[in-house]
Amino acid sequence: MTISSAPDEALVLAAIEQVWGSMLFATAEAWPSDRVADFETGVQAQIELRGDWNGRLVLTCDSEVATQIAGAMLGLGPEEELPELDIHDAVGEVLNVVGGSVKGALVGTCALGLPGVSETSGAPSRDDSFVVSWGDAPVYVQILPDAA
Amino acid sequence: MKILIADDSKVMRQIVLRTMRQAGFGHHDFVEAADGAEALDKVAAEAPDLVLSDWNMPNKTGIELLRALRGTGNAVPFGFVTSEGSEDMRETAKAAGAMFLIAKPFTADHFESELSGMLG
């Protein structure tokens with residue numbers, strides 16, 4: 001992976017593609033910019049990077065997508081159900097592994113935080129996000145530097 | 001043998017356990033800890049033969065756990081299973097007495113490669 005001084009879309013997308021493929025046995029693809037990517041109730045995970053670059057990586061997806069991601073991680077069948085706590089845990093861990101991969105490709109970044117996960121209503125603005133696919137559903141990714 | 005899996009993610013502890021089974025080590029006994037402090041207590045209480053630990057955990061990180069163990073003379077074989085696998089971390093882990101560092105995402109092959117000599 002290319003070494004950078006700040007995370008950008010290409011770097012984070014490469015990390016997501018790796019995690020989707022190896023942990024979730026799925027393919028991540030860029031979501032067409034002209035395609036609607038809305039949902040009403042979602043799960044949002046975030047993790048901090050501290051060092052030469054300071055900020056957060058944020059991953060937001062529909063609740064059903066979060067359930068599917070957790071099921072894929074654990075190799076569950078479609079009828080098997082997971083408690084919400086485990087679904088949040090799984091989505092946070094996906095972002096944790098993405099964050100670890102991004103951290104490894106950054107010069108000077110020295111600390112990765114612990115992932116935090118919460119419920120969210122609606123998708124983030126597409127102005128400060130890029131969107132990748134989970135099957136036929138959107139997953140929003142934000143690279144948010146701390147406010148100067 | 002008894003193996004302690006320390007990770008603050010319950011889902012990840014389940015995945016490590018599943019991967020150990022896939023790697024052919026499922027016949028061993030497994031115990032779990034949800035953070036570094038609990039892992040330190042479990043090492044004292046359960047006397048595991050191997051510790052597989054995450055690095056980034058609340059209460060006590062994996063490297064703090066390892067240093068605490070070695071600081072009290074406990075030489076239990078110790079390996080990291082963590083989302084970060086930089087050269088710096090590998091060197092820090094080795095210097096503190098870790099046998100290996102497996103970076104997430106991992107496969108059963110990674111566990112087999114690191115542990116077949118010890119676990120058979």
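Q: Hi! Before we look at pairs, what is a salt bridge here?
A: A salt bridge is a side-chain nitrogen of Lys or Arg within 4 Å of a carboxyl oxygen of Asp or Glu. This is a predicted model, so local features need pLDDT of at least 70, side-chain atom pairs count only at pLDDT 80 or more, and totals for chains, interfaces and linings use all residues. Residues are numbered from 1 along each chain as its sequence is written, chains are lettered from A and ligands numbered from 1 in the order in which they are written, and side-chain values use heavy atoms, with hydrogens and water left out.

Q: Thanks! Which residue does Glu84(B) pair with?
A: Lys103(A), with the closest N and O atoms 2.3 Å apart. The pair crosses between chains, from the loop between strand 4 (78–82) and helix 4 (87–96) of chain B to helix 3 of chain A. Helices (H or I, at least four residues) and strands (E, at least two) are DSSP runs, numbered from the N terminus.

Q: Are those two buried or exposed?
A: Both Glu84(B) and Lys103(A) are buried. Buried means under 20% relative accessible area, exposed over 50%, and partly exposed in between (1.4 Å probe, protein chains only).

Q: How many residues are in contact overall?
A: On chain A, 18 residues are in contact with 16 of chain B, where contact means heavy atoms within 4.5 Å.

Q: Switching topic: what does Asp136(A) pair with?
A: Arg35(A), in a salt bridge of 2.9 Å, N to O. The partners sit 101 residues apart, Asp136(A) in the loop between strand 5 (130–134) and strand 6 (137–145) and Arg35(A) in the loop between helix 1 and strand 1 (41–51) of chain A. Asp136(A) is exposed at 60% relative accessible area, while Arg35(A) is partly exposed at 33%.

Q: Where do Lys42(B) and Glu38(B) lie?
A: Both are in helix 2 (residues 36–46) of chain B, four residues apart, about one turn of the helix.
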